Amino acid sequence: MRYSREHKQETHDRIVKKASVRLREKGAHGIGVADLMKEAGLTHGGFYAHFDSREALVIESFAYAMDRSMEHWRKITGEASPEKRLALIAEAYLSTLHRDNPGHGCSIPALGAEIARESPKTRKAFAGKLDEMIEMMTDYIPNVPRKAARKQAIATLATMAGTMLLARIAGSSELSDEVLKAGKDSALEGAKREPKAAAAKKTKLS
């Protein structure tokens with residue numbers, strides 16, 4: 001039986017969506033192709049009709065997850081003033097809801113350590129999405145030279161992702177809550193901090 005191109009694309013997208021959740025929950029090597037296909041309601045044999053390799057599915061799946069994260073950020077900051085957007089992202093990111101739902105959260109703390117050991121092709125794809133995320137956060141830092149804003153965005157994202165990783169290691173515990181609180185305080189402080197270059201420029205103009 002032949003399926004339309006639209007049906008095949010819908011099936012492809014369903015596999016990617018399901019796989020993106022399971023990979024974040026179980027890790028890049030914590031679940032096999034057969035189980036991923038079963039999650040999507042398909043047989044193992046149909047896998048290669050949609051993907052050249054398991055690596056291709058992994059790349060698409062984490063790209064999908066990263067895109068959803070950025071989409072979520074746009075949604076929660078849409079009505080906010082520019083100077084409040086980065087803080088809103090940090091608040092939502094460093095929450096118990098995000099900690100306890102890795103399958104629907106950011107790919108960096110969920111898969112970052114594993115991706116760092118993957119092939120150059122996979123790392124390059126992940127790095128490309130990481131750069132998109134950094135650029136988006138940079139856009140949310142107003143009235144600061146682009147280079148300084150990007151540096152601040154990288155530091156904030158690193159704080160957020162590292163905090164989430166440590167919080168998940170500690171599980172749902174007092175230590176985990178303590179880690180989240182400390183990381184959130186640090187990330188919010190960084191989000192509100194005015195780089196020295198911008199402050200100096202303001203002083204000269206005043």
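## Nonpolar core

The largest nonpolar core of this predicted model has 50 residues, a core being a set of buried Ala, Val, Leu, Ile, Met, Phe, Trp, Tyr and Cys residues joined through side-chain atoms within 4.5 Å. Buried means under 20% relative accessible area, exposed means over 50%, and partly exposed lies in between (1.4 Å probe, protein chains only). Leu57, Trp73, Tyr93, Ile108, Leu157 and Met160 have the most contacts inside the core. At least two of the core residues come from each of α1, α2, α3, α4, α6, α7, α8 and α9 (174-192). In soluble globular proteins, nonpolar side chains tend to be buried together.

Leaving aside residues up to four places away in sequence, methionine 160 touches Trp73, Ile89, Ala90, Tyr93, Leu94, Met137 and Ala187. Contact here means heavy atoms within 4.5 Å.

## Basis of the model

This is a predicted model, in which local features need pLDDT of at least 70 and side-chain atom pairs count only at pLDDT 80 or more, while totals for chains, interfaces and linings use all residues. Residues are numbered from 1 along each chain as its sequence is written, and side-chain values use heavy atoms, with hydrogens and water left out.

## Overall build

The protein has ten helices and zero strands. Helices (H or I, at least four residues) and strands (E, at least two) are DSSP runs, numbered from the N terminus. The C-alpha trace spans about 75 × 40 × 35 Å along its principal axes.

Of the 206 residues, 39% are buried. Among contacts with a separation of 6 or more, 68% join residues 24 or more positions apart. The accessible surface comes to about 12000 Å², and carbon and sulfur atoms hold 54% of that surface; such areas come from the Shrake-Rupley method with a 1.4 Å probe, and for residues only the protein chains shown count as cover.

## Helix α3

Helix α3 (residues 54-77) has 24 residues and reaches 35 Å from its first C-alpha to its last, close to the expected 34 Å. The expected span is 1.5 Å times one less than the number of residues. Buried residues in α3 include Leu57, Phe62, Met66 and Trp73. Their cover includes α1 (5-26), α2 (33-39), α4 (85-93), α6 (107-115), α7 (120-139) and α8.

## Salt bridges

The structure holds twelve salt bridges, each a side-chain nitrogen of Lys or Arg within 4 Å of a carboxyl oxygen of Asp or Glu. Arginine 99 forms one with aspartate 100, with the closest N and O atoms 2.8 Å apart. Arginine 99 also meets aspartate 177 in a salt bridge (2.8 Å, N to O). This second pair links distant parts of the chain, 78 residues apart, with aspartate 177 in helix α9 and arginine 99 in helix α5 (residues 96-99). Arginine 99 counts as buried because its relative accessibility is 7%, whereas aspartate 177, at 38%, is partly exposed.

Elsewhere, a network of salt bridges links Asp131, Glu135, Asp139, Arg146 and Arg150.

## Surface patch

Leu165, Leu166 and Ile169 form a nonpolar surface patch with about 300 Å² of accessible area together. Patches are made of residues with over 30% relative accessible area and no salt bridge, with like charges joined within 9 Å and nonpolar side chains (Val, Leu, Ile, Met, Phe, Trp, Tyr) within 5 Å. Isoleucine 169 lies in helix α8 (residues 146-169) and counts as exposed, at 64% relative accessibility.
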